[in-house]
Structure formats: structure tokens, C-alpha cells
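Reader: I would like to learn how to read aromatic ring pairs. Can we work through an example together?

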Amino acid sequence: MENQTVQAQELLSKWGLRNATVYRNPSVPLIYELSMSQQQSEDPTVRPDSINNTGALVAYSGKKCGRVPKDKRIIKDEVTERDVWWGDVNIGLSQDSYNEVEKIALEYLNNKEKLFIIDGYAGWDVNYRLRIRVFCTRPYHALFMKNMLIKPTDEELKKDFSGDVDFYIFNAGPQTIQKPIEGIKSEGCVAVNLTERKMVILGTQYAGEMKKGVFGVTHYLFPKQGILTLHSSANEGENGDVTLLFGLSGTGKTTLSADPKRKLIGDDEHAWSDNGIFNIEGGCYAKCVDLTKEKEPEIYNAVRFGAVLENIEYYSEETREVDFTNISITENTRVSYPLNYIDGAKFPAQGNHPKNIFFLTCDAYGVLPPVSMLTPEQAMYHFISGYTAKVAGTEVGVKEPQATFSACFGEAFLALHPTLYANMLAEKIKKYDTKVWLINTGWSGGKYGVGQRMSLKYTRGIIDLIHGGELKDVEFENFPIFNFAIPKQAKNIPTQILNPRNTWKNPEEFDKQVHELAEKFQVNFKKYEDKATQEVINAGPKF
């Protein structure tokens, strides 16, 4: 350990850090040991780490149990001022304010007796991967990033991580901001310096900020190399055909991407280069609410030694069996684990150019078809829109279905304007003859509370038909207002459900609901019209 600390100190010197003990890329057992030996958080709301009955590390992030988008800041300088999509998603911060934030973080890190350094790659394609270095003080943060980044070999560590890297994360999350700083309105800040390629975390110990911070940086850097970044899952068939699945929370992205007939490339973050698709991450960060072995066996079986369970309660402190139904700490319970914990995962985690793309939406209004084939222009429109719906019970105050739009199915992580990513998507689907489909996993026969949720059996059946090429050449008809091409028939799928109007008892009520949803699309898209082409605008719903 002494020699390791000496070597690590050489990497710290440029930041003015001189910690007594430095753990650089420690083993999983050592991280566990350090987690048990001391509590490395000054926040009294943070409970001590522990180990559950399957061997996973159980950790708590304190009062912040999710990302803090209102505290996120992007440093606005001569370079980023003209590039970044400024607004509610990307809030600007001056360089002077960033310097103060970084100083607070470095002082905190420097005053800790023990410091962790985690090195890893973002991106499985060796031609484009980024070298990432994380500095943190909590063992669970170190294990989290050890899981989420792609682990270098010993040779790669010597070659690629002996000096400066492509991006730095200074996680001083337990430290809050105690003085006024211009442009910062709370005691916390997640500050991303895209020009200097650094990220500082203060005032939040939620591990997901590191993961999404890396993702946001790839959204800025990769498109400049002609690489499209995608908030999607990806899998691969026996013949090497790749599918991308996009979808917001509750649309079935995780469930549908875990297909026993296909290899999993990744569950959340991907990039599309001239070489094909590649996963950005080395691990998965899955939701755990109501997790069971029967419903999601792959994720359930990944909860073992080396995984991190975050903000989850036990059934019993004695048995250390966790209660996945308990959301008393947060609804955002999570587990982080390496990709190789999933049976059937593909290594390296990359594949060919996608043959099919699925935009998954949970339409609680019950009017969108279970499957629609989109034109390239429609694909751009609906990619920019990123539609799904919230239903009663998902959030306080939600009593009726509410339309939700998130640009590119991941608005919170977009560094550039959504139309830029949409233009890249259109170019690639045309170049590689990729088919794009809109899949409604929501309601049919009526809106939420009246109709029924689309059968998972039928959704899987439709996706299987597309993968088998059996749906591409059937007869299609036009779905009015949205002008989708929808199949008139599909093998083993009830013909009635293919056109949702046929499933409603009152067709006039259906027509009214279609108009209402179409209006919501039109209103939402107005904020993108200044940079969208007329062809894309025309691809939206029309009365």
C-alpha cells in the first residue's frame, strides 16, 4: 500500500493534494473492508454502510436520493457560450465562480486522511473511449464508479493512466457550500467545466451524479467527432442485428431490452459511430422498486458481492435481507453492478449499426397504436419530442394522465441543442437503412382508469415480428392526425388492437382524445421550431 500511495501522490501533485493515504483502484474486498471500518461522511443523515444477505454493499446517500438538476451548472466561457444549449437544462456559471467551487472541493479532499482514486474508460470502442479519473472520499462512491466505468487492464493503466486523463471528477459531496457564490443558489453544486474537462460535486452524495456527469460530457464531446450519443438500451440478435430501445421511466425499456433470445450490449448509455454502436458504460444502474426474481431475474441475480445497493431498507437488520418494496427512504432505490453480472451480456459491449430502433412510450391516454413505422422525418420529430405520460399515483398531485416530454428521451443530459442530435440520427438511419418504430406500451381501449394496459405478451410479440423481418412487408394503413403507418395485421396479434380506435367503446371520445394529445405535441414542439426544418415540423400531428 505504501508504494501505491507514493505512485498515486504523483497524480495528485498538480491539484495540490497531499493526502496521507491514497487508495488508487482498490480491490472490491478492500473497499468493503474500508466501508465497514469507518463512516466517511460528516452528514448525520447518512447511515453506516453494511452488507446484505447476498453480499452486496448497502450504502446511503443522505438527504439527496436523486440527481439535483437545479444545482447543475455548466461553465460559460468563450468556447461553450456558442456551443451549449443554454436554458433550464444547462444553467451557466462564470469561470470565477467555478474556481471558488473547485477550491472548496480540493480543500475538502485534501483535508481527508484517506482518498480514493478510480481510473476507467467511458466507451467500449477503443478508437473513441475517454479516460476518466475520479477522486472521492466515500468507499461506496469508489465502488460505484469502479462498476460504472470500463475497467482498464494493468497494461492499459500503465499506458493510458500514468499522467493526465481526458476528464476529472472531484467528488466532495459531503461538503456543502458555506458562503455566497455568484450564480449558485443552494448549499450544493454540480459544476461541469467542459473546456477544462473537469467536474466538481458539492452538497450531494447521490452516486448517480458521477455517472450522469460522464454521460453529459460525452453528449458534448462525441458529437464533435460525428458520434451520436444516445440515452437508450441496446441488444443484439444471433445474426448480429442490433436494436436500440429508447424510453422514459415506466415505458418498459429495461424489461424489453432484457430478451433471453438476444445479447445485452447495455441498458442505458450508448454511442453510434461510423463503426457501429458501443456502450459508454462498464456497468448498470438499475431501479430496484418491487424487484423480484420472477419479474426481472437478471437484475435480481446481479445483487451480489461487488454490487452496490443504494438507499434501500432491510426487512430485518439481523437477516440483512433487503425489502425491495420499501420506499420509505426514496422511490429511487438503485443497484449498481458490473455488466458481466448479467448472463448473456456481450463483450466487448459494442455491435453493428442498428437495424431497428424502438421509441417506447407509455401512452396513458390510450390513443397511440401499439406499433407504428416512422419516416425519417417522423423519427426526428418524435426523437426531439420524447413523449410518455405520467399516471395517477406516480407523483403527488397527479390524478389524471399527464403528458411528459423529454427531448431525445434524455433532455437532462443534453449539452447541445436537441435538433443537432436529431439531425445526426436522421443522417445515420438513412445511411444505414435503419427502421424506426414507435411502440406504445401504455393503454388501449380507453385512457388510464378506463382501458387496459397493453399486454406485455403482445408487445414482445410485435418486437419479435420486427426482429424476424415479418412486419416490414405487411400491408399498412394511415393513422389519422399523427399520420403514422400502422400494420393492418400481424401474426399472432389480435387485429383489433393494431388500430386503437377499434378498441374504444365510444369512437367519438377516442377522436377527441387524439386531438387533445396532438395539441400537447404541437405546444411542446414550439420551443424547438426555431432550429428545426420545415420537413420535421410537418412530420408532427396535424388536424
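**Reading ring pairs**

Author: Start with one residue. Tyr285 has 8% relative accessibility, so Tyr285 counts as buried. Keep in mind that this is a predicted model.

Reader: How is a pair of aromatic rings described?

Author: Two things are used: the distance of the centres and the angle of the planes.

Reader: How many aromatic pairs does a search of the whole structure find?

Author: The search finds 36 aromatic pairs. Take Phe135 and Phe170. Their ring centres are 5.2 Å apart and their planes are at 5 degrees, so this pair is stacked. Planes under 30 degrees apart count as stacked.

Reader: Which parts of the chain does the pair link?

Author: Distant ones. Phe135 is in strand S7, and Phe170 is in strand S8, 35 residues apart.

Reader: Are Phe135 and Phe170 buried or exposed?

Author: Both Phe135 and Phe170 are buried. Now compare another pair. The rings of Tyr206 and Tyr285 have centres 6.3 Å apart and planes at 45 degrees, so that pair is tilted.

Reader: Where do Tyr206 and Tyr285 sit in the chain?

Author: Tyr206 is in the loop between strand S10 and helix H7. Tyr285 is in strand S16.

Reader: Which residues do ring pairs link into a cluster?

Author: Among them are Trp85, Tyr381, Phe405, Trp504 and Tyr528.

Reader: What lies over the face of Phe413?

Author: Lys212 does, at 4.4 Å from the ring centre. Likewise, Lys224 lies over the face of Tyr220, at 4.6 Å from the ring centre.

Notes
Residues are numbered from 1 along each chain as its sequence is written. This is a predicted model: local features need pLDDT of at least 70, side-chain atom pairs count only at pLDDT 80 or more; totals for chains, interfaces and linings use all residues. Side-chain values use heavy atoms; hydrogens and water are left out. Rings of Phe, Tyr and Trp (its six-membered ring) pair if their centres lie within 6.5 Å; planes under 30 degrees apart count as stacked, over 60 as edge-to-face and the rest as tilted. Helices (H or I, at least four residues) and strands (E, at least two) are DSSP runs, numbered from the N terminus. Buried means under 20% relative accessible area, exposed over 50%, partly exposed in between (1.4 Å probe, protein chains only). A charge sits over a ring if NZ of Lys or CZ of Arg is within 6 Å of the ring centre and within 35 degrees of the ring normal.
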